[in-house]
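Please read it alongside the sequence and the model.

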Amino acid sequence: MSAVLTEPARAAGRVVWFTGLSGAGKSTLASALHAELLARGAAVELLDGDAVRENLSKGLGFSREDRDTNVRRIAFVAGLLARHGVTVLVSAISPYADTRRAVLRDLPGALEVFVDAPLDVVAGRDVKGLYARALAGEIPHFTGVSDPYEAPGQPGLHLRTDRISVQEGVRQLLTALGEG
């Protein structure tokens with residue numbers, strides 16, 4: 001008698017893609033949602049843009065080609081995890097709309113979340129002084145200052161972090177995910 005190997009049934013995974021300017025609150029919201037979903041017993045992973053750039057995309061610069069490569073690498077990992085039943089929270093600037101659309105189209109259960117705050121607000125939140133340096137011309141290719149950020153036209157969820165608390169953002173995220 002031969003054994004038939006079958007894959008165990010898995011819950012459907014999904015990808016929540018947080019996009020927005022540096023300092024808009026992507027990592028803050030993703031981390032808070034991560035903690036909430038973990039507390040509920042969910043299989044969840046957080047892919048933060050800074051950590052991914054350091055560990056998966058080290059050596060890439062900030063040209064459009066390199067930024068797009070970084071986004072595609074993040075999407076590849078997110079897709080692998082989601083296909084195994086994990087809710088994946090991606091927090092990455094991902095500045096180009098066409099690249100985001102392309103990767104989101106292929107990700108299971110993808111939800112694009114536009115984390116939005118005006119430039120003066122995100123610059124005011126910047127403890128490293130990067131916006132001040134970019135506005136002074138000291139940092140070339142800085143997204144939102146000397147490089148473009150293309151906001152999503154129709155995101156699955158639009159969170160104005162200059163108008164809502166982190167707790168309200170998490171509440172809206174949970175509702176959008178059917179977990180509210």
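Val115 stands opposite Leu159 in β5. The model is a predicted one, in which local features need pLDDT of at least 70 and side-chain atom pairs count only at pLDDT 80 or more, while totals for chains, interfaces and linings use all residues. Residues are numbered from 1 along each chain as its sequence is written, and side-chain values use heavy atoms, with hydrogens and water left out.

Strand β4, residues 111-116, pairs with β5 in the parallel sense over four bridges, where pairing requires that DSSP find at least two bridges between the strands. In β5, residues 157-160, Leu157 and Leu159 form the covered face, whereas His158 and Arg160 form the uncovered one.

## Chain layout and annotation

The chain holds seven helices and five strands, taken as DSSP runs (helices H or I, at least four residues; strands E, at least two) and numbered from the N terminus. Their order along the sequence is β-α-β-α-α-β-α-β-α-α-β-α.

An unreviewed UniProt entry annotates residues 13-159 as "domain: APS kinase"; such annotations may be inferred rather than shown by experiment. This span is 42% helix and 17% strand, and its end C-alpha atoms lie 23 Å apart.

## Overall dimensions and burial

The C-alpha trace spans about 75 × 35 × 25 Å along its principal axes. Buried residues (under 20% relative accessible area, 1.4 Å probe, protein chains only) make up 42% of the 180 residues in the chain.

Note on methods: Buried means under 20% relative accessible area, exposed over 50%, partly exposed in between (1.4 Å probe, protein chains only).
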